[in-house]
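Here are a few exercises to work through with the model open beside you. Try each task before reading its solution.

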Amino acid sequence: MTVSPTRVEGAPRWSRSSMALCEVFTDLVRFSREVDRKNPLTEDVQFRVAKDPMFGELPLVKPPLRLALKALPLALRWRFTPTKGEPGRYTSFDEAHDDAVRYFGSLPDPEHYDVREEHLGDAWLHYMLVSKFSLWLEPHTPEGGAAADAKPQYVLDLEFMRELDAAPGYERHGGRVVIDDTRVLCITLHGRMYRPGDPAWELVKYRFRACSFAWVTLLHTVLHVREAAKLFIATYRFLPHTHPLHALLLPYLYGTHRNVARLQRTVTGARGVTAAVAGFVSGPAAIDFVAKRTGLRLPPEYPVQWTEHYRDLRAIWDALYAQVDAYVRLYNLDPATDPQIERWLRYLGAHAHPRLATRALSPDSDLSLTDVVAYLMFAMSVLHFSIGHTLNGTTDPRYISASVVRSDSPDLWSIVSTRDECLIRMAVYATINRHTYRLTDDFSDLCVDNRGKAIVRAFSEAMRARTAEMERDNEGRAYPRLLVPGAIGSSAAQ
Ligand SMILES: [Fe+2]
């Protein structure tokens, strides 16, 4: 079986994935021009309801229906246009790249899009499983019980994804992978188990990866439309600008309204990314399906805690939690004595997740106010980064595809949907180029007094020290640690 990429005729310098990306540039740039000549994509929210002293005008999430109707068919043109030779389309990747840079700002170098064999290896899959996906690993006992001297095993079980209908021409998702601390051991797909070396191993591995990326894309969207959007609305609606809790949360809300406005059209819409890229019949149905299965987990509650990724995540959580705890004590923040905080929590408990109402206000919750505030700040920044930027510099469509094309051929390329993958990568690169604040930024100017400033400043100083230390450590590594605070946006605005 061959796993080599097929070269496109007449484009010797660029791989098949690069040419498909070029088509997507055409469509996204056209889309941007149609929607807004100054700002690419959909920076078109026009309903301004509040002025913020640091961040300027903050429009309410309310995309104009007229623009939405106009933009949607343009965004999806790529699905129905011929792949080559149409007038107005780019003829080379260089041309597309240069034009896209003018609209989106800087983009990765063209060679970044070429395929790399290492992305297909079992070692790279293991790296992804113990980093990006490690938060969803569960301890695993092999059938018949583990041997006395066997290493502990862990499973990422996504077989439930087979319940989602696939669009015509696509396969249903699903699969579960078992690993130990150093190796991928097996993948079970729709009831059949495969091990490394099996003739179908590369195809099955691709199918599991595709499922994991489809699932994590949905999970990321759930975080945006549930916690992020609801935190933005609750904070602006129930906490005045002069409230200490509003001041603490502001950097973690930055830009969320624009982000969610875009998502409503390009991601969660009936034919948005979640449907088109992952090969589902309906994006909204897939999001709803995953939202119903998605609980709310604080970092100390993750079942598998030995991975380096978890330890890095936990270190940021502990520093963030200490900041929130000190802040809550300093200002005596308490829903029992502050009706504004009470309304803020009740809204979050009703519209985002019942645990967010806190144990003070709901028998369904076991959390304190400090737990809730720390979780929300963490979810907007670290969790959003960890879930959302799964691509991690990997642009190989064989590696990060979120769909499986139906085919009987044993050739890996026959089941890879390069155009879909390129679209999602472009969306990621376009969005991560937007401005956001980082966990290393000093937000103390937003605080209402000097005592609050000292607490907030201590956190950003700790994050800067951690960043310097991790950057040094990453220099000598083939597979870097990912949760470098200086790379993590404070809000889900990316
Ligand atoms: Fe995001």
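**Exercise 1.** Which residues of H6 are buried?

Solution. Before starting, note that this is a predicted model, in which local features need pLDDT of at least 70 and side-chain atom pairs count only at pLDDT 80 or more, while totals for chains, interfaces and linings use all residues. Residues are numbered from 1 along each chain as its sequence is written.

Step 1: take the terms. Helices (H or I, at least four residues) and strands (E, at least two) are DSSP runs, numbered from the N terminus. A residue is buried if 20 or more other C-beta atoms, placed from the backbone, lie within 10 Å of its own, exposed if 12 or fewer, and partly exposed in between.

Step 2: list them. The buried residues are Pro-244, Leu-245, His-246, Ala-247, Leu-248, Leu-249, Leu-250, Pro-251, Tyr-252 and Leu-253.

Step 3: conclude. Because 10 of the 10 residues of H6 (residues 244-253) are buried, this helix is largely enclosed by the rest of the structure. Gly-255, with a positive phi near 75°, follows H6.

**Exercise 2.** Find the residues with the most contacts inside the largest nonpolar core.

Solution. Step 1: such a core is a set of buried Ala, Val, Leu, Ile, Met, Phe, Trp, Tyr and Cys residues joined through C-beta atoms within 7 Å.

Step 2: the largest one has 112 residues, and Val-177, Leu-320, Met-377 and Phe-378 have the most contacts inside it. H5 supplies its largest share, 20 residues.

Step 3: look around Met-377. Leaving aside neighbours within four places in sequence, Met-377 is in contact (C-beta atoms, placed from the backbone, within 7 Å) with Tyr-252, Leu-320 and Val-324.

**Exercise 3.** Describe how H5 passes H12.

Solution. Step 1: axes are lines fitted to C-alpha atoms, for helices over the stretch in contact, and angles run from 0 to 180 degrees between N-to-C directions.

Step 2: the axes of H5 and H12 (residues 369-388) come within 10 Å and cross at roughly 160°. Angles over 145 degrees count as roughly antiparallel, which makes H5 roughly antiparallel to H12.

Step 3: the crossing is left-handed, meaning that the near helix is turned anticlockwise from the far one by less than a right angle. Among the contacting residues are Leu-219 and Leu-223 of H5 and Met-380 and Leu-383 of H12.

Terms used: Contact = placed C-beta atoms within 7 Å. Parallel < 35°, antiparallel > 145°, perpendicular 65-115°, else oblique.
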